[in-house]
Amino acid sequence: MKFRTRSSAIIGTISLIASLALTTASADEPRDPRAAADVKLTEVAKAQNPIAGAAGPRGTVWIAERAGTVRVLTGSGLSEPVLDISSETTTDGERGLLGVAFDKRLAYFYISYTDLEGTSTIDEIALRNGKLQPQTRRTVFTQTQPYENHNGGDIKFGPDGYLYIALGDGGAGGDPHGNGQKLDTLLGKILRIDPAGGRQSGKPYTIPRNNPFVNDPNALDEIWAYGLRNPWRFSFDSGTGDMLIADVGQSDWEEIDWAPARSRGGENYGWASMEGTHPFRGGTEPANHTRPVFEYDRNGLGCAVTGGYVYRGQAIPALRGQYLYSDYCDGTVRTLKLKYGKVTGQSDLGITNGEVISFVQDGAGELYVLAIGGSVSRIDAA
């Protein structure tokens, strides 16, 4: 994500088996008015460049600030930092503290950040009675980065209990090293690893035995899916287990990819041969290309898609089952209705929150919207 003002030109910003026969919806298709829900944004806190968040112990929501601090959302706003790694990271380019996650038992907390040399790093910290135990901190994963953009950095635990990691193609523009389609690099990928296996074996992590490329001598075992430019935000539908990936485009098309819960991994989302459903700079569509379920062009105010979640909360029944997303430059929160990997409806919720950098899902399935300018807002029934 390029952290610029809305009027800035943004080029090269932030940037499971979907059949090629699936129709890709586009933003110029008619919107389904039945998909709309009457909602509002309620600002619940102010932060310094809030960038990511996760549902924590005892119904809490933990909010990460890009410069390296993590705070807990309370009824009166955000707490004092419960973690501060600001001396260990930098906000140059698209770097910083980029993602946070808890394991399924809420026993371990994970932070995804770029260190002072720009290396993508994931650390694990144990919790006891809901509090971090700093002495247990250990590094789980590292990946050097050739440039200061397209670092990705989102992390989530899947329904299977494994840690999924989103990494961009390494940066610059146009994927100059061809990382998206290469299987001998972790850049431009979604990865899947097992930190718990690492703790038990004394290693940083282990590889799930059924990862798709484990038996391929020409591919890295950690890879779950590939062909991604900068999958800035991805999520799992807590109702179905499906994965949704918002991949930031180069200059023309923003895309949202979908993978069913039954996927065994190995999807090729096309970059840099394709940008959405369109050949990129004369590229040829790979035979195994998994096309996006949705794309939109940059003819309007959009510049970089910000992926959200499928809403599974109770406060807004009309919104249940719809996928929420936004755009960093446009800031409008929109929804997609999906059925078996096809978009059956889309709507504009009529709410905006500045430069939307991320969504956060709490333990009850309610959603928050983070704007890089500082606001932390909850989506409520109007």
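Predicted model: local features only at pLDDT ≥ 70, side-chain atom pairs only at ≥ 80, totals over all residues.
Trainee: How should I read a sheet, and in what order do the strands of the five-stranded one come?

Mentor: Start with the general idea: strands of a sheet pair through backbone hydrogen bonds, either parallel or antiparallel. Here the open sheet of five strands runs β1-β22-β19-β18-β17, and its pairing is mixed. At the edges stand β1 (25–26) and β17 (233–236), each with a single partner strand, so one side of each has no neighbour in the sheet.

Trainee: In which sense do β19 and β22 pair?

Mentor: They pair in the antiparallel sense, over four bridges, with β19 covering residues 253–259 and β22 covering residues 294–297. To find the spot by eye, look for I256, which stands opposite F294 in β22.

Trainee: Now the rings, please. How many aromatic pairs does the structure hold?

Mentor: There are 14 aromatic pairs. Take W62 and F109: their ring centres are 5.1 Å apart and their planes are at 55°, so this pair counts as tilted. Because W62 lies in strand β4 (residues 61–65) and F109 in strand β9 (residues 108–114), the pair ties together parts that are 47 residues apart in sequence.

Trainee: Are W62 and F109 buried or exposed?

Mentor: Both W62 and F109 are buried.

Trainee: Which residue lies over the face of F234?

Mentor: That is K156, at 5.4 Å from the ring centre of F234. Another case to look up is R229, whose charged end sits over the ring of W271, 5.7 Å from its centre.

Key. Residues numbered from 1 in each chain as written. Heavy atoms only, no water. Pairing = 2+ DSSP bridges. Helix = DSSP H or I, 4+ residues; strand = E, 2+ residues; numbered from the N terminus. Phe/Tyr/Trp six-rings, centres within 6.5 Å; stacked < 30°, edge-to-face > 60°. Buried < 20%, exposed > 50% of the residue type's maximum accessible area, 1.4 Å probe, protein only. Lys NZ or Arg CZ within 6 Å of the ring centre and 35° of its normal.
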